[in-house]
Amino acid sequence: MSATDIDKRFRMAPWLLYALATMVLWGVWGAFTGLSAERGFPDTLVYCIWSATMIVPAMVVLARAGWKLDRGGTALFYGLVIGLLGAGGQMILFYVLTIGPAYLIFPIISLSPIITIALSFTLLRERTNRLGVVGIVLALVALPLFDFSPQGGEGAGAALWFLLSLVIMLCWGLQAFFMKLANRVMSAESIFFYMTVAGLLLAPVAWAMTDFSRPVNWGLDGPWLAGLIQLLNAVGALCLVFAFRHGKAIVVSPLTNAGAPLTTAIIALILVGTLPGPLKLVALVLATIAALLLALTPEDGKKR
């Protein structure tokens with residue numbers, strides 16, 4: 001085996017590089033995103049800050065692409081659909097968390113890769129090998145366990161939060177599918193630009209949803225801290241677009257969706273210094289195995 005062959009064999013595939021970057025960025029974001037609300041900066045205003053942070057990476061990648069933006073009707077359609085599905089799901093989440101139990105809402109939402117995988121398998125004819133299948137299954141099993149924390153009574157019998165949680169799951173599952181589909185006809189830079197535009201379009205809605213009758217922290221640990229944290233989310237979203245450009249949706253979606261909470265859990269474990277509950281420990285183990293299997297899965301789905 002030549003040095004060139006060895007280098008090719010161990011060189012990280014572009015899709016995996018971007019997927020791992022998404023995992024790390026979203027994992028760190030997940031560990032610290034609650035700080036803003038804890039310090040008196042409402043989640044609705046955090047959304048406004050997040051939509052503004054999307055501008056930075058959008059301009060950077062457009063500049064690197066020579067400011068070439070896909071402007072056709074198809075590009076506009078895909079870009080806005082992807083952006084509105086993602087941002088719209090986030091907006092609904094703000095409301096759902098006020099009427100339902102978070103410990104049940106997030107496990108439902110975390111199953112969004114099922115939508116992406118089903119559509120990619122049936123419509124895009126994407127396939128993977130046995131290693132990838134096992135990784136996907138383990139990731140889907142692990143995802144709800146990260147957020148599931150059995151408690152009693154809270155929101156029992158309420159159907160609205162359950163239905164809206166399913167809507168969010170559908171939105172984010174469809175978003176990932178359309179992200180993969182759009183990469184076939186337009187540049188990743190254009191996709192992210194339109195995602196940014198869609199996020200900004202909904203910012204006035206988030207602003208209107210804010211309860212300004214309560215004190216708002218406008219200090220450094222308010223919007224400025226939120227900006228630093230949400231920038232991780234924005235750059236992670238950009239990396240995800242490129243991951244879908246280079247990799248299969250049936251692999252990228254479960255890997256990033258299981259890997260991000262895994263990273264968050266590890267960071268929380270280090271910072272807090274206490275072990276999570278038994279269900280989360282199981283989720284950590286399953287997600288770790290799933291991430292390794294999916295990372296080792298060849299792009300063409302064939303055996304190594």
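Predicted model: local features only at pLDDT ≥ 70, side-chain atom pairs only at ≥ 80, totals over all residues.
Local features are reported at pLDDT of at least 70 and side-chain atom pairs at pLDDT 80 or more, whereas totals for chains, interfaces and linings use all residues. Residues are numbered from 1 along each chain as its sequence is written, and side-chain values use heavy atoms, with hydrogens and water left out.

The protein chain has 15 helices and zero strands; helices (H or I, at least four residues) and strands (E, at least two) are DSSP runs, numbered from the N terminus. Of its 304 residues, 49% count as buried. Here buried means under 20% relative accessible area, exposed means over 50%, and partly exposed lies in between, with a 1.4 Å probe and protein chains only. The accessible surface of the chain comes to about 14800 Å², and 70% of this belongs to carbon and sulfur atoms; such areas come from the Shrake-Rupley method with a 1.4 Å probe, and for residues only the protein chains shown count as cover. Contact means heavy atoms within 4.5 Å. Among contacts between residues at least 6 apart in sequence, 90% join residues at least 24 apart.

The interior is described next. A nonpolar core is a set of buried Ala, Val, Leu, Ile, Met, Phe, Trp, Tyr and Cys residues joined through side-chain atoms within 4.5 Å. The largest such core holds 74 residues, of which W15, Y47, F178, F192 and M195 touch the most other members. Helix α13 (residues 220–246) gives this core its largest share, nine residues. Apart from this core lies another, of eight residues, including I105, I108, I109 and L164.

Helix α4 (residues 43–53) is largely enclosed by the rest of the structure, because nine of its eleven residues are buried. These buried residues are T44, L45, V46, Y47, C48, I49, W50, S51 and T53. Their cover includes α3 (35–38), α5, α6, α11 (188–201), α12 and α13. With residues up to four places away in sequence not counted, Y47 touches A87, Q90, M91, F94, A198, G199, L202, A203 and A206.

S120 counts as buried because its relative accessibility is 0%. Leaving aside neighbours within four places in sequence, S120 is in contact with R125, E126, F177, A249 and I250.

A pair of aromatic rings is described by the distance of the centres and the angle of the planes. Rings of Phe, Tyr and Trp (its six-membered ring) pair if their centres lie within 6.5 Å; planes under 30 degrees apart count as stacked, over 60 as edge-to-face and the rest as tilted. The structure holds nine aromatic pairs. One of them joins F177 and F178 in an edge-to-face arrangement, with 5.7 Å centre to centre and 70° between the planes. F177 counts as buried at 5% relative accessibility, and F178 also counts as buried, at 19%. Another pair, W207 and F212, is tilted, with 5.1 Å centre to centre and 45° between the planes. W207 is partly exposed at 45% relative accessibility, and F212 is partly exposed at 39%. F77 and Y78 form one aromatic cluster with F177 and F178.

The surface also carries a nonpolar patch of about 410 Å², made by Y95, I99, L160, V205 and M209. Patches are made of residues with over 30% relative accessible area and no salt bridge; like charges are joined within 9 Å and nonpolar side chains (Val, Leu, Ile, Met, Phe, Trp, Tyr) within 5 Å. Helices α6 (73–99) and α12 (203–209) each supply at least two residues of the nonpolar patch. V205 is found in α12 and is partly exposed, because its relative accessibility is 39%.

Side chains of opposite charge can pair when their charged atoms come close. A salt bridge is a side-chain nitrogen of Lys or Arg within 4 Å of a carboxyl oxygen of Asp or Glu, and by this rule the count comes to one. D211 forms a salt bridge with R214, the closest N and O atoms being 3.5 Å apart. D211 is partly exposed, with a relative accessible area of 39%, whereas R214 is exposed at 59%.

Most residues other than glycine have a negative phi. W67 has a positive phi, near 60°. W67 is found in the loop between α5 (55–64) and α6, and it is exposed, with a relative accessible area of 51%.
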